[in-house]
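Subject: Structure handover and findings

Dear colleague,

Please find below the structure that I am handing over to you. My findings follow directly after it.

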Amino acid sequence: MYSKVKVLGHPLHPMLIAFPVAFYTATFVCYLAYAFGADAFWFHVGVLSNVAGVVSALVAAIPGFLDWALGIPTGSPAKKRGLLHMGLNVAALVLYGATALSVWEDRLSSQPDVR
């Protein structure tokens, strides 16, 4: 594959994907900690990590889509695998986005009602 979106000769998409992975993992761990009785602080950190994960995933998706659309030959097995990769990541983005929207207002209260 030839990346079409580069910074100083390095593909941009692989550089950016670490952020949503880290933020999604932090979201899960913080929500889990809060669910098992940790302080409400962890709920608030989880919400902010959730939002940061969604935003960073949207940013990473742009060069990823361009690489898929312009850098992979049509009809190749890589094109099909890239489409699967994109679909699964969009599904994760939609799920984390829905979670972010559903808990955003709970973040404003001192004791979130998510248990």
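How much accessible surface does the protein chain have, and what percentage of it belongs to carbon and sulfur atoms? The accessible surface comes to about 7,500 Å², and carbon and sulfur atoms account for 73% of it. Please bear in mind that this is a predicted model, and that each value below is computed from it.

Overall architecture

The secondary structure of the protein chain consists of four helices and two strands. Along the sequence these follow the pattern β-β-α-α-α-α. The chain is more spread out than a compact globule, because its radius of gyration is 17 Å, well over the 13 Å that the globule rule gives for 115 residues. Along the principal axes, the C-alpha atoms fill a box of roughly 50 × 30 × 20 Å.

Of the 115 residues, 30% count as buried. Among contacts with a separation of 6 or more, 68% are made by residues 24 or more positions apart. As for charge, the mean positions of the 7 positive and 5 negative charges lie 23 Å apart.

L8 is located in the loop between β1 (6-7) and β2 (10-11). Although L8 is not a glycine, it has a positive phi of about 55 degrees. L8 counts as exposed, because its relative accessibility is 82% and the cut-off for that class is over 50%.

H13 belongs to helix α1, which covers residues 12-16. Is H13 buried or exposed? H13 counts as buried, because its relative accessibility is 19% and the limit is under 20%. A polar atom of the H13 side chain lies 3.5 Å from the backbone nitrogen of G64.

T27 sits in helix α2 (residues 18-35). With a relative accessible area of 1%, T27 is buried. Which residues does T27 touch, not counting those up to four places away in sequence? They are G46, S49, N50 and Y96. In the case of S49, the backbone oxygen lies 3.5 Å from a polar atom of the T27 side chain.

Helix α4

Y96, which is in contact with T27, lies in helix α4. Y96 is partly exposed, because its relative accessible area is 23% and that class begins where buried, under 20%, ends. Leaving aside neighbours within four places in sequence, Y96 is in contact with Y24, T27, F28, N50 and V54. N50 is therefore a contact of T27 as well as of Y96, by the criterion of heavy atoms within 4.5 Å. Y96 and F41 are 55 residues apart in sequence, and their C-alpha atoms are 20 Å apart in space.

L84 also lies in helix α4, which spans residues 77-108. L84 is exposed, with a relative accessible area of 54%.

Yours sincerely,

A colleague

How values were computed:
Residues are numbered from 1 along each chain as its sequence is written. This is a predicted model: local features need pLDDT of at least 70, side-chain atom pairs count only at pLDDT 80 or more; totals for chains, interfaces and linings use all residues. Side-chain values use heavy atoms; hydrogens and water are left out. Buried means under 20% relative accessible area, exposed over 50%, partly exposed in between (1.4 Å probe, protein chains only). The radius of gyration is taken over C-alpha atoms; the globule rule is 2.2 Å times the number of residues to the power 0.38. Accessible areas come from the Shrake-Rupley method with a 1.4 Å probe; for residues, only the protein chains shown count as cover. Lys and Arg count as positive and Asp and Glu as negative; His and the chain ends are not counted. The place of a charge is taken as NZ of Lys, CZ of Arg, CG of Asp or CD of Glu. A polar contact is a pair of N or O atoms within 3.5 Å; within protein, one must be able to donate a hydrogen and the other to accept it, and residues adjacent in sequence count only if both atoms are side-chain atoms.
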